[in-house]
Amino acid sequence: MYDVTFLEGEDVFDRMCAGNDGVMRSCAPQGFPAAPDQVYFGRGDGTFALAGDDVGLQADDGDGLGIVVADFDHSGRLSVFIANDGRANFLFVPEPSTGPIARWQEAGVLSGVAFDEIGAAQACMGVAASDANNDGLVDLFVTNFYMESNAFYVNLGGLAFADRARTTGLREPSMAMLGFGTQFLDADRDGWEDLLLVNGHVDDFTYKDIPYKMPAQFFANHQGRFEELPSAAVGSFFRELRLGRGLATLDWNRDGLMDALSSNIGDPAALLTNRSPDYGQGISLKLVGRQRSRDAIGTRVLVRSDGRTLERQLTAGDGYQASNERRLIVGLGQAAADSVELEIIWPGGVTQQFVDVPVGAEYSIVEGHAVPVAVPR
């Protein structure tokens, strides 16, 4: 269990600082020491032990807010990405080991996810993780502060990433926003992961013409390039102003379309039901591991149909201070065949293949079981 922490100090809740306008406000995070993250290993009996420095999951100067756990390099082992506020992000990657104790090393700078495209640390908050350009690798989208661009770290393979927010249409629309929760989801099931994020400032500077409450944003994915859609096209939630924070995905009504849930400061939580009128075929999967992890985090699913292969992975930590429903919904487009071939690559390398799996249904797949189980709706 990886516990992302933020700041420490005896006066972290009480100290006030004068802003540029002379008004006393809460101090910026950079004025406090960063609290070290904590990592706990399960003993197997329901209790946990604090991990030592020898496992490598500690790094200095990290005031973390976001986290994603995923297999970024198809190694069958889990890496940990930490989004830090105003400091370099971390990426802990597993070291090759044959011993009883797993070890990681921090490689954020070497991998290209520590800073933005010009080498600057940003005030990172939420993290969305999925294969946004359909090359089979998990990419990272990170929300940042007002007048900072959000970052889109495209996975180049070999644990190397490049910030492509500028060239994919995600930079300019984020500059006047302060982003928090964010998620990839294929809203229209065309096989390309769209992007949802909620925004809201951390302080009220409206007297300086800086927005406080902000609208959420929805970006349609056009084969790897993103277009922000107007609120008239996606729903009233996107024209209302809120202090958006947490964001999680789920299919609450089990119609095979991914929905979302947002938490907001001072306002009720918002349940966003996906009512896209024109959507393609799809398949919904719930995975149950038996060898490594029952939650099956890091499991890769390859869906083959009509000569096309889509890969999705079950990750953990996406969004912001939230946990997604452990469900994969893979969109296939409107012209998809009536059945697909599934290849499931479980953590540890066990691989299963299923042929002629009918689309438009929900399945439970248990590691090692011979057939997917269709779940009645």
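1. Which residue in β11 is the bridge partner of Ser130? The partner is Asp139. Note that this is a predicted model: local features need pLDDT of at least 70, side-chain atom pairs count only at pLDDT 80 or more, and totals for chains, interfaces and linings use all residues. Residues are numbered from 1 along each chain as its sequence is written, and side-chain values use heavy atoms, with hydrogens and water left out.

2. β10 and β11 (residues 139–142) pair in the antiparallel sense over four bridges. Strands here are DSSP runs (E, at least two residues; helices are H or I, at least four), numbered from the N terminus. Two strands pair if DSSP finds at least two bridges between them.

3. The open sheet has four strands, in the order β10-β11-β12-β13, with antiparallel pairing. Its edge strands are β10 (127–130) and β13 (160–163), and each pairs on one side only.

4. A search of the whole structure finds 17 salt bridges (a side-chain nitrogen of Lys or Arg within 4 Å of a carboxyl oxygen of Asp or Glu). One network links Arg254, Lys286, Glu325, Arg327 and Glu362.

5. Glu117 and Arg171 meet in a salt bridge at 4.0 Å, N to O. Glu117 lies in the loop between α1 (108–111) and β10, and Arg171 in the loop between β13 and β14 (179–185), so the pair ties together parts 54 residues apart in sequence.

6. Arg242 and Glu240 also form a salt bridge, 2.6 Å from N to O. Arg242 is buried, at 16% relative accessibility. Glu240 is partly exposed, at 33%. Buried means under 20% relative accessible area, exposed over 50%, partly exposed in between (1.4 Å probe, protein chains only).
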